Amino acid sequence: MRWSDFYLFTTREDPADAEVVSHRLMVRSGMLRKLAAGIYTYQPLGWRSMRKLMEIVRRELEVAGCVELSMPAVQPAELWQESGRWQKYGKELLRFEDRHQRGFCFGPTHEEVITDLVRRDVSSYRQLPLSLFQIQTKFRDEIRPRFGLMRGREFLMKDAYSFHADGDSLDEAYRALHDAYVRIFEACELDYIVVEADSGTIGGSSSHEFMVLADTGEDAVLFCKGSGYAANVEKATTRLAPPPPLPALEEPEAVDTPDAGSIGAVTKLLGVEPAQTVKTLVYESDKGFFAVAIRGDRTINEIKLKNVTDSLWIQLAEAPEVERLTGAALGYAGPCGLPDEVQLLVDESAAALQSFVCGANRTEVHLRGVQWQRDVGRSRTVDVLLAEPGDPCPRSGQALEGCRGIEVGHIFKLGTVYSSAMGCTFADENGQEQPMEMGCYGLGIGRTVAAAIEQNHDDDGISWPLPLAPFTVLLAALNPKDEAVVRTAEELYEQLRRAGHDVLYDDRDERPGVKFKDADLIGIPVRVVVGARSLEAGGVEFSLRSDREKRIVAVDELLAEVGAVVGGSSRV
């Protein structure tokens, strides 16, 4: 492709709303153009990278036994009401009505649509298992779209769904799709990690995220090299060692603690460690009120809390509500003597304490020497602790390490969440109707391309991994008015194209400095520069974007040099 014929306009200015490298470089390199908040036009350069990723995705999913289809982006409200997600999904679901006042949404995902399709066509165990996928535009009305394609409202996603007669078959498909994702991200030459994850609004029994590692990643990940354990912090677990026990008392001792509404103030006043205390926080949710007791030195993971309470929403109760329920100001709530309308949840970290200090449900008073079985009534032990780097790995006991990642893929075992709700059943070998076991497998196309840039860039621009580069070879003629330069560049352009290479030929009448700046910015892996000096030196200038070490290569040897780096055909 000749640059003069291509729709490519670079800019030296950073977009005002760019917060991460990929957003900044995708706009500056002419890959994206913002239309509205979180909504972008994929310009030709960006679309070429998207297409290359989609080719890899299609290839590996077909190897895994998936069949491609295309479903409507606009979905009727009745399906979402049938599954129970019309309200549960929240304000991210873009709802609207047609001219007949019938409710619809712009699909953020397609579990309801695919379940409706399969329940109409599949009726027997003999027709199972099956796996279907699509690559399609989605819309999620993010409250604060940011980071370009990382958290946009409209985005391109591959979503796949599998249907099965039993859990063993689902497990087999889950492993096959897991392995397909591994091959996809390895084919893209990305540094990634697979982690246990929360299933969120999709639901299901278990899920895994595929994270591209990057310092700018939104997600925090904990992992253990020794055991191979890895999890998103929303899901991560640990097994804390208990602190030294406090002296046992025959009954709790009330202690005045003026101006000690924080753990730091209490521990200083009473001479105990934060780990020897229990803090109790009161939450309000659609399921009522919860008091959550956790070790004083730790933090509550509200994603876990929402899941264990099966709540649609959950938030800290306001100060007046806390005082009404506990009889005390904020900072003095405790697990003893709570009213019946408040359900007490005790985190495992606190439940392991034999004797502890906690709020007395009286303003400026704490209790010392409290014991769970003796002094606290009904409660439920749960894991709602936010794990942190340095905590023991739940498998090996070694210290967990932390890193940041960008979620680019997420796979779920849905089980019968949707099939039971929507009557997607089959007749088993005995003729009995059973709900189908389902799996769901998502991969962000735009997010993966953006993540590749987050992982592969320098101060001057993008440095594409070869498989995702919009072009693999940049050929530049430094002086379009020099006949020898133009003749050599034109001949090389035709030779490279005939050899199957994906070439962007910079034939513009621009200064060499402009061409070099643009070349660094758009980051095409292989660069060939034809200039009067290089021809005098016996050839053309050859370099790689990854190291930019320049050397002169004879014209008749150039194809072999490019082939050694690129391999066979690299054309989109």
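**Ground rules.** I number residues from 1 along each chain as its sequence is written, and I use heavy atoms for side-chain values, leaving out hydrogens and water. Since the model is predicted, local features need pLDDT of at least 70 and side-chain atom pairs count only at pLDDT 80 or more, while totals for chains, interfaces and linings use all residues.

**Domains.** I looked up the domain assignment, whose bounds come from an automatic or database source. It gives domain 1 (21–189 + 418–453), domain 2 (253–382) and domain 3 (471–566). The centres of domain 1 and domain 2, taken over C-alpha atoms, are 41 Å apart.

**Helix 6.** I took helices (H or I, at least four residues) and strands (E, at least two) as DSSP runs numbered from the N terminus. Helix 6 covers residues 167–187. The expected span is 1.5 Å times one less than the number of residues; for these 21 residues that is 30 Å, and the end C-alpha atoms are 30 Å apart, which agrees. At the N-terminal end, Asp-166 caps helix 6 with a side-chain oxygen 3.2 Å from the backbone nitrogen of Asp-168. After helix 6 comes Glu-189, which has a positive phi near 60°.

**Cavity and pocket.** On a 1 Å grid over the protein atoms alone, a cavity is a set of points where a 1.4 Å probe fits but cannot get out; a pocket is an open set with protein on both sides within 12 Å along at least five of seven lines; lining residues have an atom within 4 Å of a point. Grid points are joined across faces, edges and corners, and volume is the space filled by probe spheres set on the points.

I found one cavity of 30 Å³ or more in the whole structure. The largest cavity holds about 60 Å³, and its lining includes Phe-147, Glu-218 and Arg-447.

The second largest pocket has a volume of about 310 Å³. Of its 21 lining residues, Lys-279, Thr-280, Leu-281, Gly-331 and Tyr-332 are the closest to the centre. Which strand gives the largest share of this lining? Strand 14 does, with six residues.

**Asn-301.** I placed Asn-301 in the loop between strand 15 (288–295) and helix 8 (302–308). Is Asn-301 buried or exposed? Asn-301 is buried, because its relative accessible area is 3%. A polar atom of its side chain lies 3.0 Å from the backbone nitrogen of Ile-303.

Technical notes
Polar contact = N/O pair within 3.5 Å; in protein donor to acceptor, adjacent residues only side chain to side chain. Buried < 20%, exposed > 50% of the residue type's maximum accessible area, 1.4 Å probe, protein only.
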